[in-house]
Amino acid sequence: MPAIQIQNLHKTYPGEPPVHALEGIELNVNDGEFIALLGPSGCGKSTLLNLIASFENPSSGELLVHGTSHNAPGPDRGVVFQEAALFPWLNVWENVVFGPKIKGTAASEYEDKANEMLKIVGLSDFKKHLPVQLSGGMRQRVGIARILTLGSRVLLMDEPFGALDAQTRLSMQELLLSVWQQLKPTIIFVTHDIDEAIFLADNIYVMSARPGRIAQKIVVPLPRPRTITDTTTEAFNQLKREILVQIRH
Amino acid sequence: MKRLKVFLNGIAVPIAVLILWQLAGNMSNMAGVLPTPIAVIQGWEGWVFGEVGMGLNAYSGTWLANVQYSTMRVFQGFTLAAILGVPLGLLIGWSRLIAQVFDPFIQSLRPIPITAWLPFSIALFGISDMGSIFLIFLGGFYAIVVNATQGARDVDRNLIRAALMMGSNRKQLLRRVVFPAALPNIFTGLRIGLGISWTAVIVSEMVAVKSGLGYVLWDAYYVGRMDIVLADMVSIGLMGFVTDRLIVTIERFTLKWRFLQNH
């Protein structure tokens, strides 16, 4: 069963005139697939992510996650926000275990997992730190560890590295790839950065604006696992040129 | 060295005013209207340390008792305002239905100054502690409610979304996200409310009860003890300052995450 099935999905915001944020979206994502939604701001890529997360509801069409239609957010669809959205009054550890804790899970059942996920994102030594004491990249790692601890099989990431400096962004991309290699979740990654989309994704869906549509699906033929040197190969640049041409018109 | 300089800069004007005031007092015969700083301190000393029940000085030794009366009333009225105001404010900010039911009621009463409630309060409670506590409660209540409401409304939408995504129900959301996120606003409301509560206690004690710093203030004025009036004014300011510092200390302890942010 595909992880995500979307058919003829529309999202219109009422008003004068109404805004057609998304029109006729068709999208299938397999379990364990890593896709990127690429497009300029205002193309509806974040709206699409919010619909999958059930932060908003579609105007019409079908949206199934693991075969089920949802009308409320839930732990099966973990979201990594642009600005991390950690609770500033909780330390790293408390943020990471927030989900299982409010569910009433016994500490013994989630502590090992939370420790493991913090280790994967490299924050084992920062459990007692408050979010304000962390750098932007570290905050996003907490955001990732938080949904991994939650056990989300679908990860929805809304330009999570957009606000980071170039070097931190690269190391976060590598970290995300290694997490994905280890745990194989389904990832939907929203970005406007072509390099980022190519480096990370199996398939790139290029979106166009007003109304928001999926204009093109691009398969990334680069082999896995990928490393940073892949971003300077001829194949990478060839693909980037193709995407640039498509985005321009 | 730098801190000493800042301190000296800060006390220069107050000291200059005190010296000028003392000199002006020595050179004129205004003592009945405006006693000199030294006379105020002498009067205050008797008020604080004098023996109680000396016939010639009705205030002798009664300072601490009056401070306690006023502080106790502020504590009672303000605590009541906080206990009712914080949860109500959060709920108004959080739930559209509760806002629709309570907000018009609160907003229509809020513009009535607490001083205007004095006759009503005396009619209702008579000359008693309750009348005073009622006014103090009212004084603190609005500021606390309005700020808690604002705090609940200003919660970052993504924090709510993150909590929902992790499986929070509405009750958990209110307790674990909205309440802590609103705490900075809640503390602002508590500080403003406490200030108004001190105003309310003085006003109410002038009229509605026969003890406390507000009562002494008015009574001393009537018998021409301006030294006590001034000592009383400074005492009120001092108590307001001390209780405000108390809340700030609690705030700094509770909102460690926020004070780290600002550095």
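## How far can we trust the model?

What pLDDT does chain B average, and what share of its residues score at least 70? Chain B averages a pLDDT of 93, and 97% of its residues reach a score of at least 70. That question matters here since this is a predicted model. As a general rule, where pLDDT is low, the predicted coordinates should not be read in detail.

There are also scores for the model as a whole: ipTM is 0.94 and pTM is 0.89. With those in hand, let us look at each chain in turn.

## Chain A at a glance

How does the radius of gyration of chain A agree with that of a compact globule? A compact globule with 249 residues would have a radius of gyration near 18 Å, and chain A has 18 Å, so the two agree. Of the 249 residues in chain A, 43% count as buried. Sequence distance is worth a look too: among contacts in chain A between residues at least 6 apart in sequence, 70% join residues at least 24 apart.

## Chain B at a glance

Now turn to chain B, which has 11 helices and 0 strands. Read from the N terminus on, its elements run α-α-α-α-α-α-α-α-α-α-α.

What radius of gyration does chain B have, beside that of a compact globule of 263 residues? Chain B has 23 Å, whereas such a globule would have a value near 18 Å. The C-alpha trace of chain B spans about 75 × 60 × 30 Å along its principal axes. Of the 263 residues of chain B, 36% count as buried. Among contacts in chain B between residues at least 6 apart in sequence, 69% link residues at least 24 apart.

K2(B) sits in helix 1 of chain B, which covers residues 2-27. Is K2(B) buried or exposed? K2(B) counts as exposed because it has 6 C-beta neighbours inside 10 Å, and the cut-off for exposed is 12 or fewer.

For a sense of distance across the chain, pick out K2(B) and M206(B) in the structure. They are 204 residues apart along the chain, and their C-alpha atoms are separated by 44 Å.

## Helix 6 of chain B

Helix 6 of chain B takes in residues 129-153.

Where does helix 6 of chain B bend? The bend is at F141(B), and it comes to about 25 degrees. Helix 6 is also mostly covered, with 21 of its 25 residues buried.

## Where the chains meet

Most residues other than glycine have a negative phi, and most peptide bonds are trans. A84(A) is not a glycine, yet it has a positive phi of about 70 degrees. A84(A) lies in the loop between strand 5 and helix 2 (92-96) of chain A, and it counts as buried because it has 24 C-beta neighbours inside 10 Å.

R210(A) is not a glycine either, and it has a positive phi of about 45 degrees. R210(A) is found in the loop between strand 8 and strand 9 of chain A. With 12 C-beta neighbours inside 10 Å, R210(A) counts as exposed.

The peptide bond from R210(A) to P211(A) is cis, with omega near -5 degrees. Another cis bond runs from R224(A) to P225(A), with omega near -10 degrees. P225(A) is in the loop between strand 9 and helix 8 (234-248) of chain A.

Definitions and conventions: Residues numbered from 1 in each chain as written. Chains lettered and ligands numbered in written order. Predicted model: local features only at pLDDT ≥ 70, side-chain atom pairs only at ≥ 80, totals over all residues. Helix = DSSP H or I, 4+ residues; strand = E, 2+ residues; numbered from the N terminus. Expected span 1.5 Å × (residues − 1). Bend = angle between axes of the 7 residues up to and from the residue. Buried ≥ 20, exposed ≤ 12 C-beta atoms within 10 Å, placed from the backbone. pLDDT = per-residue confidence, 0-100. Rg over C-alpha atoms; globule rule 2.2 N^0.38 Å. Contact = placed C-beta atoms within 7 Å.
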